[in-house]
Amino acid sequence: MSGVPGFVLSGFAPVVVAVAERCLRRRYGTGPVPSQTRTGVVLVSASGDLVSAEHVRETVESGGRVGPLFFFQSVPNSVAGHIAARWGLRGPVVCLSPTGDPYADGVAEADLLRYDGDADEVLLILIEQAPDTPTEAVAVLLGGGAQP
Amino acid sequence: MAEPRVVQLTGVHAVSALGRGAQAQLAGTPAFGPVRRFDTTARRVTVAATLPDAGTLADELAAAIDAACRVAGLDAARRTGCALLLAVHGGPAASALADQLAVRCGLSGRIRVYTSACVSASTAVADAATLITRGDVDRVVVAAGYLVEPDQFALFDAGRALADDGVVRPFSTRRRGLLLGDGVAAVVLESRAETRRGVEPVATVAGWGRAGDAFHPCQPDPTGAGLARAIGAALRRAGLPPQAVGYVNANATGTAQSDAAEAAALRQALDGYAGQVPISSTKALHGHALEASGLLELVVTALALRHGELPVNAGWAGPDEACPLNVILEHPRRATATHALTLNAAFGGANTALLVGTP
């Protein structure tokens, strides 16, 4: 799996990008998404980027200086924005920490954005990081292109 | 025919370095000072807007939710079944915090936790409004909190995002960045039918919009196209023209590119009216409360409309030709506005617009 320019140390962003690219390629080939389609991004993660957060916490606790790239890496929006820029996803960007079933939370949010008309379709990404286990993620495209 | 469901703000509460309680947020003097909460000697910038007696985030959020519910007249029975949408920084503790708050505050409806950086709270408000207008629920509590802490402070410092002259200067020449600030807020949103029990609403949430830039992981689109679409969606939802907006509480963080992009968005969305509508960014007073900023600024905007006094854009050092706007300078401006926009933007090109109306 290749890295993502501007993202360092953690597998969070590369895994998110890998599953998102795989999902979007199935619908849109090499992209981008047609400009009349507003594709939202909903990223659901209980852990967040655990590896980056731990690195920042340890660095700060020891009185050190954190690298500037961690500034934007510290929030999940940034990798969602990377995907949005690459594929032309002009819908809302929403990140959630699940309170129950992550897929159900994500689908409910996607449904709300589509009902409201701010998104025609939603790229839903579920990702979790845990210590000593591989980062796991899945992406699914919900809805079907521009609404008439 | 069924009456359209109107979303009303029936209870609001906020805490920032400006003070405790919603009314305290209308103070017109910046609340920045040296950070004493943790060691900043390794940082370029050592200033933020912190509340000296701030408790833990959980305690402050619980107190804010209770206060907002009291204002809305929600007794224990009326809190039962009420949804809680919480906006906080993400991580393993976020959903546990939401569960804990729901139990402490007696809210037993659905829970959702937003971790979308600086549009977390405003997205939660938009979603709450949608849940109410769709008829899913009659009542939602939205709460949001950020208390200045060492990790985010170090990250913003490392990213050279903080104003090294210790002043936030939105839309101004010589603006050098943002400063962080404490912010904890809670609001109760209800359908008009629910508020017929006799509670006087603070404001209505008349429109809302969310849109993405599709531009860059952390830089705003200089054309402002995404934010302009969010503003357009909010106005369309309310069925109002740009000229109905009597005040804009801008996202403006005091950052060179972001403020210019926001000015471009306003020109796109409001046409020639962008140069006329009174505008300020209250981040120059209470600082940037990150995940909580959208809710703190919603409370400020709602109260500004209610009192007919629009907050000042502090820190002004002179005009910037990239931001040709009607900035509120020197002192708050009296106005009879009936609608106001409060705007937020975040990394990832995420944008939101909330249109607040008088009840």
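Which residues in helix 7 of chain B are buried? Let's keep that one in mind for a moment, everyone. Before I answer, please remember that what you have on the screen is a predicted model.

So, helix 7 of chain B. The buried ones are Ser258(B), Asp259(B), Ala260(B), Ala261(B), Glu262(B), Ala263(B), Ala264(B), Ala265(B), Leu266(B), Ala269(B) and Leu270(B). What does the covering? Helix 6, residues 225-238, and strand 15, residues 339-346, both of chain B, are included in what covers those buried residues.

For those of you who like a geometry check, helix 7 covers residues 256-270, and at 1.5 Å a residue its 15 residues should span 21 Å; the end C-alpha atoms are 21 Å apart, so the two agree. Just after the helix, Asp271(B) takes a positive phi of about 55°.

Now let's step back to chain B and its domains. The chain is divided into domain 1, made of 7-166 + 178-197, and domain 2, made of 206-357. Their C-alpha centres lie 19 Å apart. Between them, 47 residues of domain 1 of chain B are in contact with 41 residues of domain 2 of chain B. On the domain 1 side, strand 1, helix 4 (120-133), strand 7 (139-146) and strand 8 (183-191) of chain B each supply at least two residues. Helix 4 of chain B gives the most, with 7 residues. By class, that side of domain 1 of chain B has 33 nonpolar, 13 polar and 1 charged residues.

Next, have a look at strand 9 of chain B, residues 203-212. Where does this strand sit, covered or open? Strand 9 of chain B is mostly covered, with 10 of its 10 residues buried. On one hand, it pairs with strand 1 of chain B, residues 7-16, in the antiparallel sense over 2 bridges, and there Gln8(B) stands opposite Thr204(B). On the other hand, 8 bridges join strand 9 of chain B to strand 16, residues 350-357, again antiparallel. If you want a pair to click on, Val205(B) has Val356(B) as its bridge partner in strand 16 of chain B.

Over to chain A. This chain has 5 helices and 4 strands, and from the N terminus on they run α-β-α-α-α-β-α-β-β. With 148 residues, a compact globule would have a radius of gyration near 15 Å, and chain A has 16 Å, which agrees. Its C-alpha atoms fill a box of roughly 55 × 35 × 25 Å along the principal axes. Buried residues make up 55% of the chain.

Finally, how do the two chains meet? 45 residues of chain A are in contact with 43 residues of chain B. On the chain A side, helix 2 (50-61), helix 3 (69-73), helix 4 (77-87), strand 2 (93-97) and helix 5 (102-116) each supply at least two residues. The largest share, 8 residues, comes from helix 4 of chain A. By class, the side of chain A that touches chain B has 24 nonpolar, 15 polar and 6 charged residues.

Key
Residues numbered from 1 in each chain as written. Chains lettered and ligands numbered in written order. Predicted model: local features only at pLDDT ≥ 70, side-chain atom pairs only at ≥ 80, totals over all residues. Buried ≥ 20, exposed ≤ 12 C-beta atoms within 10 Å, placed from the backbone. Pairing = 2+ DSSP bridges. Rg over C-alpha atoms; globule rule 2.2 N^0.38 Å. Contact = placed C-beta atoms within 7 Å. Nonpolar A, V, L, I, M, F, W, Y, C, P; charged D, E, K, R; others polar. Expected span 1.5 Å × (residues − 1). Domains from an automatic or database assignment.
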